[in-house]
Amino acid sequence: MPVIEARNLELTFQTNDGPVHALKDVNLSIEKGDFVSFIGPSGCGKTTFLRCMAALEHPTGGEITVNGVSPEQARQARAYGYVFQAAGLYPWRTIAGNIKLPLEIMGFSKEEQEKRVKDVLQLVDLEGFGGKYPWQLSGGMQQRASIARALGFDADILLMDEPFGALDEIVRDHLNEQLLALWARTEKTIGFVTHSIPEAVYLSTRIVVMSPRPGRITDVIESPLPKERPLEIRDTPEFIEIAHRVREGLRAGHLDE
Amino acid sequence: MMRTFWAVLVVVAAIVLFWYAAAVPMNIKTALTQAEREGAVISPEGAAARRDMSAIALSLANPAQWGDTLVQDKPRLPTPDQVAVELWQTSGAMVLKGRAFSKRSLLFHGWVTLSATLLGFGIGTVLGILLAVGIVHSRVMDMSVMPWAIVSQTIPIIALAPMIIVVLYSVGVQGIIPKAIISAYLSFFPVVVGMVKGLRSPDSMQLDLLRTYNASTSQGFWKLRLPSSLPYLFASLKVAIAASLVGAIVGELPTGAVSGLGARLLAGSYYGQTIQIWSALFAAAILAALLVGILGMIERLLLRRMGVVA
């Protein structure tokens, strides 16, 4: 059974300038353990698609299931953690306090909260920073803390909306490497929105290329790269070949207009 | 630091100097009349001739009488030292004599006004927060309460205060409560406005994040909205406490109250005791500054405890 499945998914926003087709006829199934990137120019619906999976948007047509049930039911079953572009940590809480936020809301016991905070801080390489406040951390560390917050309640699915989009390239490379390691260790299913071709190719097992007006999927590329990926893999012919195909896909989407 | 200190000192000195300079023309006419009666030569001669002349022209024509303008018993504009002496004699000096809470003491009157202010501030703050919570969570309240809250502040309090006092008196409520209610009437509004803004300050991303946790409305309130609103709340509280003080003083005016800073203002104006009026005004200003200062300290402590570098 696919973890996430979309069939003929459609989402139309009614605006003053008439209807906007954010998503049209989107079909995709994501298997357990996949790392799927969504790439495309702005307005292609990649973020909207991710938000549909998280029940933050409601499709106007078609069907989407998460773990075989509706996104709302999946949310109630704590099926996914969501990471936004900004870390969005509460400035009045310490890093540990921020990671506890979802745990408190979901009603974990105090001891359980402490234990989980410790575990996820280790997972994102932030041991010893639990007592710090967000302003004491760099942007990259804050984003890692926000990933830890999404991991704390053991969701099998991690949905990430341009999580490293606001960071500089060096930090980004480092975080990409760490994210892959984390993915390998936890075997989560990850949906990852990005507008960087190298990032998408480096991270993903599958790359979903989307194009705008109406937002739709134009190509789905299976990556032949091995699961083990050092940063240097980005200079190999295979990597460049896939990046080329993604670029072609993006261009083709544009030519349709 | 030192440079700012001197700059502030220069500004204060300039204000005091301007005040003294203003006292001369403000008090010159009575000073000239008095001096003439005592045999001094004044130009022009005769109070009738001087009646329609400008005070500044008279001052320039009679520099010898400037000194007399600064030491009158009932001047139009008392000088800073007169006000300061009166303030000291009705506060510090009374304390030294062990009569800090006698009827002539500004501390006594200040306390009467302060108690009504604090009670009114408390009522206004609680009411303001409750209204803001309702407005943020209910569209009906947003559309029905907010316009009335705004309208309520367009009515001059000086017109409303006597009615509130009369109505409450007729149902047997008097003393501190009517003053506190007028005080609350003025102070709830800034709290509502600031608190609504503060409770709505979390951006859509933060609200979405809570939705992905399946958080309830009350969890969202306690964990996100309320903490986010605190900086806004404190800004409002500073405005509200000053308004509360004004409300309490205004509440003392129409009843002919015998105690409170408002009563001092009223008595001073009945008997032309301008120095008493000014010292009561300054007592009110000092009280307001202290209250706002205390709120500022609480704000800094609280926000630091919350890890916000203010």
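Author: Lys238(B) counts as partly exposed, at 27% relative accessibility. Buried means under 20% relative accessible area, exposed over 50%, partly exposed in between (1.4 Å probe, protein chains only). This is a predicted model: local features need pLDDT of at least 70, side-chain atom pairs count only at pLDDT 80 or more, and totals for chains, interfaces and linings use all residues. Side-chain values use heavy atoms, without hydrogens and water; residues are numbered from 1 along each chain as its sequence is written, with chains lettered from A and ligands numbered from 1 in the order in which they are written.

Reader: Which residue forms a salt bridge with Lys238(B)?

Author: Side chains of opposite charge can pair when their charged atoms come close. A salt bridge is a side-chain nitrogen of Lys or Arg within 4 Å of a carboxyl oxygen of Asp or Glu. Here the partner is Glu299(B), with the closest N and O atoms 2.9 Å apart. Glu299(B) lies in helix α14 (residues 274-305) of chain B and Lys238(B) in helix α12 of chain B, so the pair ties together parts 61 residues apart in sequence. Helices are DSSP runs of H or I, at least four residues; strands are runs of E, at least two; both are numbered from the N terminus. Glu299(B) is buried, at 15% relative accessible area.

Reader: In what order do the three strands of the open sheet in chain A stand?

Author: Strands of a sheet pair through backbone hydrogen bonds, either parallel or antiparallel. Two strands pair if DSSP finds at least two bridges between them. The order in chain A is β2-β1-β4, with antiparallel pairing. Nine bridges join β1(A) (residues 4-15) to β2(A). Ala6(A) has Leu28(A) as its bridge partner in β2(A).
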